[in-house]
Amino acid sequence: MIQAPKGTKDLLPQNSGAWQAVEMSMRRCAALAGFREIRTPVFEHTELFQRGVGDSTDIVQKEMYTFVDKGKRSITLKPEGTAGVVRAVIENKLYADPLPVKVYYLNAPIFRYENPQSGRLREHHQFGMECFGAKEPSADAELITVLLGMLTELGLRNLTVHINSIGCPECRPRYHELLKAYLKANYDELCPTCKERFERNPLRVLDCKEEGCKKIAKDAPVIMNHLCDECAEHFAGLKSLLTAQGTPFKIDTHIVRGLDYYTKTVFEIIMQSEREGLALCGGGRYDSLVTQLDGPALPGVGFGIGTERIMMELLSQGIELPVESVCDVFVANLSADDRPQAFQVVSCLRDKRIKADMDHVGRSLKAQFKYAGKIGARHVVMVGGEEALRGNVKVRDMETREECETPVNDIAAFFTK
Ligand code: HAM
């Protein structure tokens, strides 16, 4: 039997209601802050990610789903959401509108060839918000606040945002030299991956999960102490906005993020429940990315959050989201001859936006009631029998078991009342 590819998951009907509830919350919170939806293609030219995400990152080096299409172009399935949005902003000149340009994407499928394990999939779905053209720290604070608001609205508790600043092209090279000098002295103790990172991207050593590297990272020089005035001022501004707002945050100098485009602010929310260090969400500022991809000088800031990880966190915190009912009124027929009338009643109820359903498989009346119970119908309308001779139907309240008779022609009014 053909099975789903490793690292992918079907979203089944019994779970889609909870996903829709999360999606509604995402849309509502983004819209409240003036963000509008953007949808970009599932695949892009490979070069976009090589130049955008960075040639030296794990994502570009090891994790992309890249193929040559029939036109001999190198194409890659989106390994993250930001680069495609930046491309769309530049290509469609969205920056010509009054700034900032505030957009969000909802459950965009993201593909990474990772080792599948709990919380790590090869196809996952991200909700992301991106803001272009706003250099003030209030834009960073807004995103963090909206994100936390959304997660709190879903019922999640004990969430703390870990924030850091990783500087800019002005101050980071000086810090890199300091860090490299420190790491060089400990080079032999680094794990093989960090030995590779040493040249390409020494900052990444700071968030390595290997025990040996963690020990070395503990005493490494901290970028926070080497920021240029502009970056230091930006970070101070963000902290004071979050404090004034009462948003819980923690300064975490080991947050460096796995994508090359970040400047200044970076942040993550770490999952409470899962394996140590698994992020629920990640984001930050990327003030050079738009120019790097041949666009105008346009600062950017954003975050991405995996919906599958939100679902895991909800489950582990024991939160059940209210999901919409499948059926409110089940229309049962007493005999096969009553089916056309049942069909009409169902249509009439649906016209009035009442969720209604009927039997399509020839069940007995008893089996129809059992089925109505299983799909959660609050009422069952019985079509046929002696009530039909009087132009009526019988209605049973499935909770109280009370029954009453009502004219079939007024059935929609009966329920809308
Ligand atoms: P990221 O940290 O690579 O950032 O991913 C964002 C979120 O996607 C993670 O925090 C996690 O919830 C989810 N995620 C990542 N990989 C997987 C996986 N293999 N399986 C399940 N969930 C996963 C970005 O992608 C940036 N584009 C975020 C951003 C937007 N920064 C600025 N704007």
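Predicted model: local features only at pLDDT ≥ 70, side-chain atom pairs only at ≥ 80, totals over all residues.
A residue counts as buried when its relative accessible area is under 20%. Thr406 comes in at 8% relative accessibility, so it falls on the buried side of that cut-off.

Thr406 is part of strand E16, which covers residues 403-407. Setting aside the residues within four places of it in sequence, Thr406 is in contact with Asn392, Val393, Val395, Ile411 and Phe414. Arg28 is another matter: 378 residues separate Thr406 from Arg28 in sequence, and their C-alpha atoms are 40 Å apart in space.

Stepping back, the protein chain is divided into two domains. Domain 1 is made of two stretches, 13-166 and 250-316, while domain 2 runs over 329-416. Taken over C-alpha atoms, the centres of domain 1 and domain 2 are separated by 47 Å.

Now for the chain as a whole. The protein chain has 15 helices and 16 strands. Its radius of gyration is 28 Å, whereas the globule rule gives 22 Å for 417 residues; the chain is well over that value and therefore more spread out than a compact globule. Along the principal axes, the C-alpha trace spans about 90 × 50 × 45 Å.

What share of the 417 residues is buried? Buried residues make up 50% of them.

Ser25 has a relative accessibility of 1%, so it counts as buried. Not counting residues up to four places away in sequence, Ser25 touches Met150, Glu153 and Leu154.

Leu289 belongs to helix H10, which covers residues 289-292. Is Leu289 buried or exposed? Its relative accessibility is 0%, so Leu289 counts as buried. Leaving out neighbours within four places in sequence, the contacts of Leu289 are Gly52, Thr82, Val86 and Tyr261. Leu289 and Gln20 are 269 residues apart in sequence, and 32 Å lie between their C-alpha atoms.

Lys135 sits in the loop between strand E6 (123-132) and H5. Gly318 is 183 residues from Lys135 along the chain, and the C-alpha atoms of the two are separated by 39 Å.

Most residues other than glycine have a negative phi, and most peptide bonds are trans. Against that background, what kind of peptide bond joins Leu99 and Pro100? The bond is cis, with omega at about 0 degrees. Pro100 is found in the loop between helix H4 (82-91) and strand E5 (101-111).

Strand E5 also holds Asn107. Phi of Asn107 is near 50 degrees, a positive value in a residue other than glycine. With 11% relative accessibility, Asn107 counts as buried, because that value is under the 20% cut-off.

Asn158 is not a glycine either, yet its phi is positive, at about 60 degrees. Asn158 is found in the loop between helix H5 (137-153) and strand E7 (161-165). Where Asn107 counts as buried, Asn158 counts as exposed, with a relative accessibility of 58%.

Notes. Residues numbered from 1 in each chain as written. Heavy atoms only, no water. Buried < 20%, exposed > 50% of the residue type's maximum accessible area, 1.4 Å probe, protein only. Contact = heavy atoms within 4.5 Å. Helix = DSSP H or I, 4+ residues; strand = E, 2+ residues; numbered from the N terminus. Domains from an automatic or database assignment. Rg over C-alpha atoms; globule rule 2.2 N^0.38 Å.
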